[in-house]
Amino acid sequence: MKLEAHGATDVGRQRSRNEDRFLVSVERALFAVADGMGGHAAGDVASRTAVETVDRLVGAPAAAGAARATELVGATRAAHAAILEDAERTPERAGMGTTLTVITFLPAERSRLIVHVGDSRAYLLRDGALAQLTTDHTWVQRQVEAGKMSPRRARVHPYSSVLTHALGVPEEERIDILPDEVCEGDLYLLCSDGLTTVLDDAAVRAVLLEHGRLETMASELIAAANAGGGPDNITVVLVRATEVGVKPEAK
């Protein structure tokens with residue numbers, strides 16, 4: 001399996017600082033996006049802590065997916081603990097937190113693994129179809145799952161960004177672990193909600209299909225989000241898998 005990747009971030013048009021962080025490590029087949037929360041409470045510190053902890057604790061791909069999952073979950077929990085400890089030591093940072101969405105690839109197994117907390121997202125573009133792989137850990141998503149709110153209404157609801165789970169928030173722990181196979185030509189997108197609150201899935205898909213170079217895709221996604229008002233920081237990480245040896249199933 002061969003991986004090609006590119007990451008980019010932008011402060012947006014309405015924020016004074018960037019609280020997003022990302023990680024791109026092709027050598028370790030490891031990629032991540034974190035979106036800090038609570039600007040007045042050092043959201044940028046929380047997101048940086050999360051990404052740096054994953055970067056420090058996760059090594060080269062393990063031979064088995066189970067071992068890699070244990071490694072990623074352990075790093076996620078370590079990041080959560082580090083953020084809580086920092087907030088306890090530094091009162092002005094009390095309340096800081098962050099999302100964290102990580103994807104890693106296991107070339108020997110021709111598979112990938114996503115570890116996810118919060119409302120940053122992972123998408124897969126395969127054979128022209130775009131699918132959201134992660135579930136938002138938000139109040140409105142709970143309402144959608146309970147049948148109390150439509151996805152369309154959830155998208156524009158004033159509580160759409162209220163998280164139910166995040167690193168640094170001392171609530172019930174939830175870490176989603178999402179394994180699956182990788183097929184030839186799969187294109188993965190990790191992004192913060194600065195992209196998805198402005199662009200719906202159809203708009204994201206259109207940009208990904210229009211351009212071949214990952215760098216161009218990233219810059220065009222960010223430009224489109226800014227053209228839509230850029231209300232938040234915008235971060236995208238794109239990963240394309242080739243030489244996989246497994247083709248997508250015919251539809």
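Trainee: Why is β5 largely enclosed by the rest of the structure?
Mentor: Seven of the seven residues of β5 are buried, so the strand is largely enclosed by the rest of the structure; buried means under 20% relative accessible area, with exposed over 50% and partly exposed in between, using a 1.4 Å probe and protein chains only. Strands here are DSSP runs of E of at least two residues, helices are runs of H or I of at least four, and both are numbered from the N terminus. Keep in mind that this is a predicted model, in which local features need pLDDT of at least 70 and side-chain atom pairs count only at pLDDT 80 or more, while totals for chains, interfaces and linings use all residues. Residues are numbered from 1 along each chain as its sequence is written, and side-chain values use heavy atoms, leaving out hydrogens and water.

Trainee: Which way do the residues of β5 point?
Mentor: L100, V102, T104 and L106 point one way, whereas T101, I103 and F105 point the other way. In a regular strand the side chains alternate between the two faces of the sheet.

Trainee: And how many bridges join β5 to β6?
Mentor: Seven bridges join these antiparallel strands, with L100 bridging to V117 of β6, and strands count as paired if DSSP finds at least two bridges between them. β5 also pairs with β3 in the antiparallel sense, over four bridges, and there F31 has I103 as its partner. In the hairpin of β5 and β6, four residues lie between the strands, and R110 takes a positive phi near 50°.

Trainee: Switching to the core, which element gives the largest share?
Mentor: The largest nonpolar core has 26 residues, and L30, V54, L72, M96, L100, V102 and L167 touch the most other members; such a core is a set of buried Ala, Val, Leu, Ile, Met, Phe, Trp, Tyr and Cys residues joined through side-chain atoms within 4.5 Å. Its largest share, seven residues, comes from α2.

Trainee: What do the buried residues of α2 pack against?
Mentor: They pack against β3, α1 (43-57), β4 (97-98), β5 (100-106), β6 (111-117) and β9 (176-181).

Trainee: Last one: where is R28 found?
Mentor: R28 is in the loop between β2 (20-25) and β3 (30-37). Beyond its neighbours within four places in sequence, R28 is in contact (heavy atoms within 4.5 Å) with residues including D55, R68 and T104.
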